Amino acid sequence: MDQMTLGLQLAVQGVLLGGIYGLIAVGLSFIFGVMGIINFAHGQMIVLGMYISYWILVLLGIDPYLNFIAGACILFAMGYLLQSSTVNRILDFPEAMQVVPLVAVGLVLENLILMLWGPDHRSPETAFNLSTIWIDKIMIDGSKLIAFVLAIVLTLGVFLFLKKSNIGKSIRAAADNRTGAVLVGINVNRINNFAFGLGAATTGAAGALLLPLMPVSPHMGHDFTLTAFVVVILGGMGNLWGALLGGLILGLAESLSILVLPPTMKQVVSFILLIIIMLFRPQGLLKGHK
Amino acid sequence: MNALETNALSKSFGGLKAVSDLDLSLGQGEILGLIGPNGAGKTTVFNCLSRFLPMDSGQTIFYGRDITDLKPHVVSQLGLARTFQIVRPFLTISVLENIMVGALVKEKSVKKAKAQSMSILELVGLEDVKDRPASELPLPRRKRLEMARALATKPKVLLLDEVMAGLNPTEVDELIVLLKKINRQGISIFLIEHVMRGVMALSNRVIVINYGVKIAEGPPDEVVKNKQVVEAYLGKEFLSAQG
Amino acid sequence: MKRLYVFLALLLTILLILPLFLDKYVLGIFVMIFFFAYIGQSWNILTGYTGHISLGHALYLGVGAYTSTYLAQTYGLSPWIGMFIGGGLAVIISMFLGFLGFRFGLRGVYFVILTIAFAEITRLLVSHIEALGSFSGIFLDFSPSFKNFQFRGNKAYYYISLCFMVLAVIVTRLIETSRIGRFMVAIREDEEAAESLGVNAFKYSMIALGISAFMTSLGGTFYANFIYYLHPNIMFGMNFSIELILRPIVGGMGTVLGPVLGSFILTPLSEISRVYFSKGGLEGLHLVLYGILTVLIVLFMRRGVLVYVQKLLNPILKLEDESK
């Protein structure tokens, strides 16, 4: 394959990967935008979403591209509970002390998964032989394409929900001005519960969409969280479209880096990118909130 | 040589010009008052002088030395101390330890710093709470703590930002006595104040600014009668109603 | 205060003679208690006292472990010396990190992420270096001798790690009561206010970071020669970084004895849960318990368990609040 085609192929991979990264990050960005909290358990929630999708597929034979709804619902409930029991209490803590509980929650989640389902990698036996699409000499993996499309659809969905629905408006109000929201009668605690639930729901969906692409194991959480961090900081904390943009940039950067680095070093690229952005443009490329 | 002076100080925030072309000087041993309506730019002036904000243009000279580009902590070490409008005590440590932080900047020995802090404690009247965490103090005493802490750094100039706000008349009088005492020790004071009684009682001179521009300067009783000053505070209608 | 010292001396004496009565297995648990107390304390010096949170402290553990091991295996250099070289390297790396973080004003979560990024980058880089074992890790040869920092049984490790822990406690106490320590606390409480008093926040943050990094890396050398196996995913991994911080948080950040107390609470917990739930390999249960406990502590006992223990022991020890 000549350099040009290789480059193009990698670029396409990068874009598709980017969509997936965006999908992974959107929940993190959203929760931060509404409450100013970084969900350090984000990655572990995605892993949980993957396992939920896996088990539904294996036990009920329902495709991840359909069963993601189940994962989303279960994680919504979990997120709601987590917010109401724990996160609501730490909203006024200094930033230092907000990090710790969520890291601890992630620890609990990861090890519960480990205890329940063991340390081995699991891949659904039914191979996902979705058709590979060829454009000229460029190959596009069907699973990745669907994930990409659904990522955009999901982000759009969340965005519209926030803009149009009543709950969405209340969420935005509470995010903008908590006191004001209380004064107009919004139950901010309940809204926060809902918002965290929504952010968690996206991780449930993301997990299901990721299942066809990689085997799942309990300790993948941190990698997802860190990837989500990079994406969100790149794109702007709290900005949904920023998450997609950041994902795209990261996906492209990592994909194209294969031209010069061994593939296992891809993450080094993302971390260096992260550090550079934090030093020189911490607010991200698109203006985030909070 | 003036203790502190600034020439052509200007500072904008985005499109808003907070301070325009301000000249002022604080003589050694003087008490200078800075007054003006809310939003006039007073705290911005302090922030620029103490180097918490960079100036857009102008120079700041401290005892003959250009401090325009120095870092805040360096400026403080040189002898220019400040308090904050919204007090910022170190909440989880004791009152005495708060003051010791200030003392330790110039005094390397912890023992001696402690002794110095104790005498400042007595000066401001906080001995009875010396071991209580600062978080337990009510606002007026927090203001005293803030001043005590700044004093512990052995400053030559003290910038006080609305230290009398929120105090009742008795507390104001007590503070006036304290500040006179501090001034007699040789410390020049530059104070931003809304509480007029304090300004009148303490200041040798007063500067009035409005919308970032100096509109009057002089001894307190003169400045207070200045037409422009009255207009700035009370509005044109009041002035024309006076005739 | 006097009574507290007597009490602590008593505890120390008990700890010193304990090995006469304990078997290898239990001694091993104590080694881990002391080890985690030690590295928890090292972290505490940075985060508990200056308030800059590090979630990537495993970086320094790894640097210490790999440096001394590499020098021992390649040049036969005793880990006792290699340990300090590793420490020096850890300080250099931490200075680089601190420069980026503090000069560019990375605060709060951004600083946390910076520390994570540094640890992760190092993890990935080391995974690609053949000389350091690449993806398979390094197995240390077991050739016990004092020079090699390796011993049969657990008695020697017990005393060495006890030594480390006690030294860390002393160092922390010295810092706490010194000029440097008070500046560190001021930075934690309100950095800008501290600067307005003349405290050079950058300088003292760097000092705290350097001390913390140095001490942590010494622990890494100890760990390498106790476990006999190094792998970048373990030594530089987020899991280690997280476990490292749990004990000081539970015990009490920003205190001298908090990390020790926390380790005495959490470390045996993992052993107990392992013993009682070992059937069916409920691996990871102790971490679930750690996590839940940490959340509860942060929510309801924010300053850690130590404050409550102090209140409890006050009548006997006459500790009084101003024990500074």
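Residues are numbered from 1 along each chain as its sequence is written, while chains are lettered from A and ligands numbered from 1 in the order in which they are written. Because the model is predicted, local features need pLDDT of at least 70 and side-chain atom pairs count only at pLDDT 80 or more, whereas totals for chains, interfaces and linings use all residues.

The predictor's confidence in each residue is expressed as pLDDT, from 0 to 100. Chain A has a mean pLDDT of 85, with 96% of its residues at 70 or more. Helices (H or I, at least four residues) and strands (E, at least two) are DSSP runs, numbered from the N terminus. Among the elements of chain A, the highest mean pLDDT, 93, belongs to helix 2 (residues 42-60) of chain A, and the lowest, 76, to strand 1 (residues 133-135) of chain A.

Residues are taken to be in contact if their C-beta atoms, placed from the backbone, lie within 7 Å. Of the 2 pairs of chains that touch, chains A and C have the most contacts. Chain A and chain B are joined by no contact, and their closest C-alpha atoms lie 13 Å apart.

The contact between chains C and A takes 35 residues from chain C and 32 residues from chain A. On the side of chain C that touches chain A, two or more residues each come from helix 5 (108-126), helix 11 (238-251) and helix 13 (285-300) of chain C. Helix 5 of chain C provides the largest share of this side, 12 residues. Residue classes are assigned with Ala, Val, Leu, Ile, Met, Phe, Trp, Tyr, Cys and Pro as nonpolar, Asp, Glu, Lys and Arg as charged, and the others, Gly among them, as polar. The side of chain C that touches chain A has 26 nonpolar, 6 polar and 3 charged residues.

Between chains B and C, the contact takes 24 residues from chain B and 18 residues from chain C. Helix 2 and helix 3 (95-106) of chain B are the elements that give two or more residues to the side of chain B that touches chain C. Helix 3 of chain B gives the most, with 6 residues. This side of chain B divides into 10 nonpolar, 8 polar and 6 charged residues.

Chain B is assigned domain 1 (4-79 + 155-242) and domain 2 (89-153), with bounds that come from an automatic or database domain assignment. The centres of the two domains of chain B, taken over C-alpha atoms, are separated by 25 Å. Their contact takes 10 residues from domain 1 of chain B and 9 residues from domain 2 of chain B. On the domain 1 side, helix 2 (72-78) and helix 6 (169-184) of chain B each supply at least two residues, and helix 6 of chain B gives the most, with 3 residues.

Strands pair if DSSP finds at least two bridges between them. In chain B, 6 strands form an open sheet of mixed pairing in the order 6-7-8-3-9-10. Its edge strands, each pairing on one side only, are strand 6 (80-82) and strand 10 (213-218) of chain B. Strand 3 (residues 31-35) of chain B pairs in the parallel sense with strand 9 (residues 205-210) of chain B over 4 bridges, and I35(B) has V208(B) as its bridge partner in strand 9 of chain B. Strand 3 of chain B also pairs in the parallel sense with strand 8 of chain B over 4 bridges, where the bridge partner of I31(B) is I189(B). Strand 7 of chain B runs parallel to strand 8 of chain B, joined by 5 bridges; L159(B) stands opposite F190(B).

A residue is buried if 20 or more other C-beta atoms lie within 10 Å of its own, exposed if 12 or fewer, and partly exposed in between, with C-beta atoms placed from the backbone. In strand 8 of chain B, 5 of its 5 residues are buried: S188(B), F190(B) and I192(B) on one side, and I189(B) and L191(B) on the other.

An open sheet of 4 strands in chain B has antiparallel pairing and the order 2-1-4-5. Strand 1 (residues 4-13) and strand 2 of chain B are joined by 7 bridges, and F13(B) stands opposite L16(B).
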